[in-house]
Amino acid sequence: MLYAESAYAFFALILQIPATILIEKLGSRKALILGNLMVTIQITMMLFTNHFIVLLMAYFILALGVSMKDVSECAVLYDATKVCKGKNSMGRIDAKGSSASYALRAITSIMEGYLFVLNPYIPIVLSSLISFLAVIIAYRFEEIEKEEKKNTTITGTIKEMKEGFAFIVHSKRLRALMIFTSLFVGVLMMISTYENSLLKDLNVQPQSFGIIFAVLILVQCIAVQYQDKIHKLFKNKTLTFLAIPVFVSFMVIGVVVKVCPYQSLTIVLVLVMFSVQHFLRAPYWTLENKYMTNFTDDYIRVKILSVNKIMKAILKIVITFLAGLLLEHYSTSQAYFIIGSVGLVMILAILKYMQKRVGLEPEEYSKQDIEYINLKN
């Protein structure tokens with residue numbers, strides 16, 4: 001499974017720049033429609049996938065669709081709320097949408113097991129219908145007029161992407177943020193695979209999986225509603241608060257499974273650590289979008305989001321591949337401890353690097369850090 005995820009991450013990496021060009025050509029709204037449509041096509045293809053080549057094609061379409069959807073939906077939301085504050089701010093609306101999504105996932109997580117028993121195709125058909133509903137909703141969005149309109153060419157977009165890369169390289173703030181997100185997101189993305197593997201090692205009944213993951217999703221549903229309070233409470237220590245307990249919980253899982261003599265107690269403690277991870281990861285997704293789009297304008301925003309996805313895709317490929325190798329040579333609990341201990345050292349070093357570069361007051365940043373400057377030679 002982790003190797004398949006690595007293949008998907010590779011497709012997401014190589015398709016990010018083409019996806020960005022399409023977003024620039026079509027506009028965020030139309031790109032959002034097309035991205036959701038491609039996701040719907042991929043889900044439908046899974047009904048007929050009986051060959052590895054077809055599976056790769058499905059992953060390819062999914063990677064392009066998700067690359068377009070993730071960037072364009074964030075851009076659409078930012079454009080629609082950039083003058084809004086309070087309950088209508090981007091962070092609040094993003095959190096409400098995420099909360100509703102988690103609640104729906106919790107319900108479907110319980111339903112899918114029973115539906116799969118009735119007919120394995122039912123969950124896929126329902127997923128494709130829900131995905132197509134997202135296409136319809138995106139189609140009904142109103143186009144947001146930009147202050148400046150210009151004709152976009154492929155050559156021009158590539159040139160602008162290079163300028164965007166140069167801006168990010170010269171911005172200490174964005175460099176530090178992207179290093180953090182690349183490592184942390186890579187670890188977050190392999191959590192579900194390790195959870196399944198560990199529960200099997202602990203002889204948890206398969207029919208209990210749906211209930212366990214439904215509860216964990218509900219934990220995320222509750223946690224994401226507190227993203228704004230977490231940000232206000234911890235301020236420039238927010239990422240530290242979100243990241244360090246995740247890696248510590250990995251280490252705790254490794255130790256508990258190894259030394260606890262009572263299986264029931266082991267399972268309870270493992271589930272508590274799972275809950276900690278899910279409670280912290282939910283607010284992170286919303287806050288990441290907020291931090292990455294701070295101080296951006298219409299011109300540079302898509303470039304920054306796209307470069308961020310490219311860097312995360314690179315680290316996801318590496319981390320998921322290494323995580324797969326660990327499972328081949330060690331037990332799941334040992335792999336948890338290794339990733340937790342190595343990851344903790346790395347994330348502490350990154351957080352130390354970020355101290356004087358991220359979370360400052362606006363006036364403390366240099367102009368080069370927060371304002372787009374044409375960096376053409």
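These questions and answers cover the fold and the salt bridges of a predicted model.

Q: How many helices and how many strands does the chain have?
A: The chain holds 377 residues, and 46% of them are buried. Its secondary structure comes to 15 helices and zero strands.

Q: What share of the contacts between residues at least 6 apart in sequence joins residues at least 24 apart?
A: Thr193 and Gly324 illustrate sequence separation: they are 131 residues apart along the chain, yet their C-alpha atoms are 9.5 Å apart. Over the chain, among contacts between residues at least 6 apart, the share joining residues at least 24 apart is 84%.

Q: Is Thr193 buried or exposed?
A: Thr193 sits in helix H8, residues 191-201. Its relative accessible area is 14%. The cut-off for burial is under 20%, so Thr193 is buried.

Q: Which helices hold Glu288 and Lys312?
A: The two residues form a salt bridge, with the closest N and O atoms 2.7 Å apart. The pair ties together parts 24 residues apart in sequence, because Glu288 and Lys312 lie in helices H12 and H13.

Q: Which residues do salt bridges with shared partners join into one network?
A: Lys69 bridges to Asp70, with the closest N and O atoms 3.5 Å apart. Lys69 counts as buried at 17%, Asp70 as partly exposed at 28%. Shared partners make one network of Lys69, Asp70 and Glu73.

Technical notes:
Residues numbered from 1 in each chain as written. Predicted model: local features only at pLDDT ≥ 70, side-chain atom pairs only at ≥ 80, totals over all residues. Heavy atoms only, no water. Helix = DSSP H or I, 4+ residues; strand = E, 2+ residues; numbered from the N terminus. Buried < 20%, exposed > 50% of the residue type's maximum accessible area, 1.4 Å probe, protein only. Contact = heavy atoms within 4.5 Å. Salt bridge = Lys/Arg side-chain N within 4 Å of Asp/Glu carboxyl O.
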